[in-house]
Amino acid sequence: MPLVSIPAAAGNTAWNEMRIKVTFLYMAIALSMMAQGVMDVHSHIITPGFVSALESEGRLMEEGFPLPQYDVESHLRWMDEAGIETSVLTLAAPQPSSADVVRATNEEAARIKREHPGRFLFCAALPLPDVQAAIREVAYALDTLGADGIKLATNVQGQYLGAPELDTLFAVLNERRAVVILHPHRPNPVNHEVMAQTPLAMQEYLSETTRAVSNMISRNVLARYPNVKVVVPHCGAYLPLAVPRMKSLTPVMQANKMVGDIDWEANLAALYYDLAGAHSPEAIRMMLTITTPDHLLYGSDYPYVAPQVLTQSLARMKQYLSDEPDLAPFKELILWKNANQLFK
C-alpha cells in the first residue's frame, strides 16, 4: 500500500498534526500487511553436497523419483510472487548416510536464514540412527546454528519413530521444547515391485507418515514428552481415518497386552498438520475431526512442485478459506498465525 503524502500547510499546526497522524496510520497499515504474509512450514533445502553424497553412494533414486534442483534465489522469487513471507527449510529425503553431510546441510540452512533475515527458518536434520550423535547435533543446531526446530524422518534404516531407543532423544527434545517437523521417507523394508507401480509419493508416503505417528501414539511418546510439538505433513496423511480405528481397537489390544495405556488427548494435542499436497475444504474438515483449527498450517512442498502450480494452489486455498462459511474464521490462522505462534 503506497503511503499517502498530505502537503503541509504553513503556519497551520492542527493541519500538520493531522498530516503526521495520517502518515503514521498508513505506515502502521502497511507494516501490518507485511507482517501478515503467508508462512510456509513445508519446504525443502537440497544442497549440492547432499546431492553429491547421494550420487557417490548410488542413492539418487532411492525414493523412486529424481531430486529437484534447488537454489535460494529461485525460492525467494517464488515466495515473492506467491506472497510467502517466511519459509521453513528442512532436508529432503533420503536420509544422508554421513553425519558430516547432515552437519554441512544444517550449516547451509543456517547461512541462508542468516543472510535473508525474516524470510527463512530451518529445522535441522539429525544423523540417525545413531541416537547419541543425533543428541549432539540437536545441541549444536539449536545452540550454535540457531535452528528453529528439528526435522525427523519417519524411519531411518528401519528405526521408526516411536522405537524405544529414541526415548532418550525425545527426552532431550522435550527439555528443549522443540518443534519437530516430520517427513516420510521410503519404508523399510520396501516392496520394490509395488513401489515401481505406485510411486512412494502417490500413496506410500501417506502410509509411512501414518505408520510413524501411530507408532509414537501406541507407545504414548507424545504424552510422555508433552513439550515436543510435532508437525505432520500432507494433510495429516491417513490419520483422520486411522485415529478412530486405533481408539476402537485399543481395548482389545490392551486386553491382549499388546499396548499399554494411551493418553489420546495428550498425544493428539502435540500434533500439528500442514496442508501440503491435496488440500481441499473436505480435507480440512476431516482433519478437524481429530484436531483443532489452531493446529493447521500452510505448507507448499517447494521445490517438489512447479512454482506456478504452487501459486495457483495457494490462491485456491485463499479463495475457499474466504468463501466457505465454516472455514472462513480460520483463514488467517491457517495461513500465518498458527505457524507464527508455533515458531515464536
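Tutor: Let's begin with Thr210, which is buried because its relative accessible area is 9%, under the 20% cut-off. Keep in mind as we go that this is a predicted model. Thr210 sits in helix H8. Setting aside residues up to four places away in sequence, Thr210 touches Ala237, Tyr238, Leu239 and Ala242. Take Ala242 from that group: 32 residues separate Thr210 and Ala242 in sequence, yet their C-alpha atoms are 7.6 Å apart in space.

Now move along to Ser214, which also lies in helix H8. Ser214 has a relative accessibility of 14%, so Ser214 counts as buried too. Its contacts, leaving aside neighbours within four places in sequence, are Leu239 and Met246. Leu239 is therefore a partner of Thr210 and of Ser214 as well. There is a simple rule behind this kind of pairing: an α-helix has 3.6 residues a turn, so residues three or four places apart point the same way.

With those two residues placed, here is the helix as a whole. How many of the 15 residues of H8 are buried? The count is 11, so H8 is largely enclosed by the rest of the structure. The buried set consists of Glu204, Tyr205, Ser207, Glu208, Thr209, Thr210, Ala212, Val213, Ser214, Met216 and Ile217. As for its geometry, the end C-alpha atoms of H8 are 20 Å apart, which agrees with the 21 Å that 15 residues should span at 1.5 Å a residue. After H8 comes Asn220, with a positive phi near 65°.

Of its 18 lining residues, Arg177, Val179, Lys229, Gln341 and Leu342 are the closest to the centre. Helix H14 (residues 331-342) gives the most to this lining, with 3 residues.

Next, some backbone details, starting with the two ends of H10. Most residues other than glycine have a negative phi, and most peptide bonds are trans. Cys235 has a positive phi of about 60° although it is not a glycine. Cys235 is placed in the loop between strand S8 (229-232) and H10. Is Cys235 buried or exposed? Cys235 is buried, with a relative accessible area of 11%. Lys257 likewise has a positive phi, of about 55°, without being a glycine. Lys257 is in the loop between H10 and helix H11 (264-269). At 76% relative accessibility, Lys257 counts as exposed.

There are cis peptide bonds to look at as well. One runs from Tyr302 to Pro303, with omega near 5°, and Pro303 is in the loop between strand S10 (296-297) and helix H13 (307-323). Another runs from Ala93 to Pro94, also with omega near 5°, and Pro94 is found in the loop between S2 and H4.

H4 (residues 99-115) has 17 residues and reaches 24 Å between its end C-alpha atoms, close to the 24 Å expected. Ser98 caps its N-terminal end, with a side-chain oxygen 3.0 Å from the backbone nitrogen of Asp100. The buried residues in H4 are Val101, Val102, Thr105, Asn106, Ala109, Ala110 and Ile112. Among the elements that the buried residues of H4 pack against are strand S1 (38-45), helix H2 (48-56) and helix H5 (131-145).

Finally, step back to the protein chain, which has 14 helices and 10 strands. Buried residues make up 49% of its 344 residues. Of the contacts with a separation of 6 or more, 77% come from residues 24 or more positions apart. The pair we started with, Thr210 and Ala242, is 32 residues apart in sequence.

How values were computed:
Residues are numbered from 1 along each chain as its sequence is written. This is a predicted model: local features need pLDDT of at least 70, side-chain atom pairs count only at pLDDT 80 or more; totals for chains, interfaces and linings use all residues. Side-chain values use heavy atoms; hydrogens and water are left out. Helices (H or I, at least four residues) and strands (E, at least two) are DSSP runs, numbered from the N terminus. The expected span of a helix is 1.5 Å times one less than its number of residues. Buried means under 20% relative accessible area, exposed over 50%, partly exposed in between (1.4 Å probe, protein chains only). Contact means heavy atoms within 4.5 Å. A polar contact is a pair of N or O atoms within 3.5 Å; within protein, one must be able to donate a hydrogen and the other to accept it, and residues adjacent in sequence count only if both atoms are side-chain atoms. On a 1 Å grid over the protein atoms alone, a cavity is a set of points where a 1.4 Å probe fits but cannot get out, and a pocket is an open set with protein on both sides within 12 Å along at least five of seven lines; lining residues have an atom within 4 Å of a point.
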